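Good morning, everyone, and thank you for making time for this. Please have a look at the sequence and the structure as I bring them up, and then we will go through a few places together.

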Amino acid sequence: FGHALHGMLANTTYPSLSGTSVYWDFVELPSQVMENWCYEPEALALFAKHYETGEIIPQEYVEKIKESASFLEGMATLRQLSFGILDMTYHGKSQTIADVKAFEKQAMEGTSLYPDVSENCMSTSFSHIFQGGYSSGYYSYKWAEVLDADAFEFFKEEGIFNTTVANKFKDNVLSKGGTEDPMTLYKRFRGHEPKPEALLKRAGLIK
């Protein structure tokens, strides 16, 4: 739906710069930010009701869902970061790789939690960067999470249905497509560059 809004609310001259025709690491912001409302009591009160009694879903159930969603999040975060680092190491500079396993191990050393399994070589199945179009762009998965968490933090600060914030998001992100640099658009919406704290808090990694 976020992608649909990005297209429907586009207000640009050229189709090549319209809607989702933006930099790769910016395209998921409108999509992923929409997911945040589903945990908020104000939003749930609009639709999350028992089919017989009309009772709104108890918030304790929602909290359980949120807790299960962040289970092992620290490990999952390190995993995503390690893939992004490996991808950028492969595509960062021209180099000759004599031993793929050794190259991979060295690249991912800073995010490794467990002893290496010598028989394993993640690179040979890393289809995202070799046949999936994510070459030197795998980091965009985690970066989009930083953007969407920080953007939603703005909504939470002012009210999740605040029309002023919603209009700022529409006018500075959804309607602009790829007509300006993504960071310029984001700062115009948010007032500052995205910060990782909102994502870390949502993931349960900081208080």
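This is a predicted model: local features need pLDDT of at least 70, side-chain atom pairs count only at pLDDT 80 or more; totals for chains, interfaces and linings use all residues.

Let me begin with Phe 71, which is exposed, because its relative accessible area is 62%, and the cut-off for calling a residue exposed is over 50%. Phe 71 sits in the loop that runs between helix H4, residues 59-69, and helix H5, residues 73-92. On the surface, Phe 71 belongs to a nonpolar patch that it forms with Leu 72, Met 75, Leu 113 and Tyr 114, and together these residues have about 580 Å² of accessible area.

Now please turn to another loop, the one between helix H6, residues 100-107, and helix H7, residues 127-130, where you will find Ser 123. Is Ser 123 buried or exposed? With a relative accessible area of 5%, Ser 123 is buried, since the limit for that word is under 20%. If we leave aside the neighbours within four places in sequence, the residues in contact with Ser 123 are Leu 86, Tyr 90, Val 100, Glu 104 and Phe 130. With one of them, Tyr 90, there is also a polar contact from side chain to side chain, at 2.7 Å.

Next, the charged pairs. As a general point, side chains of opposite charge can pair when their charged atoms come close. How many salt bridges does the structure hold? There are nine salt bridges in the structure, and I will take you through some of them.

In one of these, the side chain of Asp 116 meets that of Lys 101, with 2.9 Å from N to O. Asp 116 lies in the loop between H6 and H7 while Lys 101 lies in helix H6, so this pair ties together parts that are 15 residues apart in sequence. Asp 116 is partly exposed, at 41% relative accessible area, whereas Lys 101, at 18%, counts as buried.

In another, the side chains of Asp 150 and Arg 190 meet at 3.2 Å, again N to O. Because Asp 150 is in helix H8 and Arg 190 is in helix H10, the pair ties together parts that are 40 residues apart in sequence. Asp 150 is buried, with a relative accessible area of 3%, and Arg 190 counts as buried too, at 9%. These two residues are also linked with Glu 157 in a network of salt bridges.

Finally, let us follow Arg 190 back to its own helix, H10, which covers residues 182-190 and whose buried residues are Pro 182, Leu 185, Tyr 186, Phe 189 and Arg 190. Why do these residues lie on the same side of H10? The reason is that they cover an arc of only 115° around the axis. The buried residues of H10 pack against helix H2, helix H8 and helix H9. At the N-terminal end, H10 is capped by Asp 181, with a side-chain oxygen 3.0 Å from the backbone nitrogen of Met 183. After H10 comes Gly 191, whose phi is positive, near 95°.

Key. Residues are numbered from 1 along each chain as its sequence is written. Side-chain values use heavy atoms; hydrogens and water are left out. Buried means under 20% relative accessible area, exposed over 50%, partly exposed in between (1.4 Å probe, protein chains only). Helices (H or I, at least four residues) and strands (E, at least two) are DSSP runs, numbered from the N terminus. The arc is that of the directions from the helix axis to the C-beta atoms. Contact means heavy atoms within 4.5 Å. A polar contact is a pair of N or O atoms within 3.5 Å; within protein, one must be able to donate a hydrogen and the other to accept it, and residues adjacent in sequence count only if both atoms are side-chain atoms. Patches are made of residues with over 30% relative accessible area and no salt bridge: like charges are joined within 9 Å, nonpolar side chains (Val, Leu, Ile, Met, Phe, Trp, Tyr) within 5 Å. Accessible areas come from the Shrake-Rupley method with a 1.4 Å probe; for residues, only the protein chains shown count as cover. A salt bridge is a side-chain nitrogen of Lys or Arg within 4 Å of a carboxyl oxygen of Asp or Glu.
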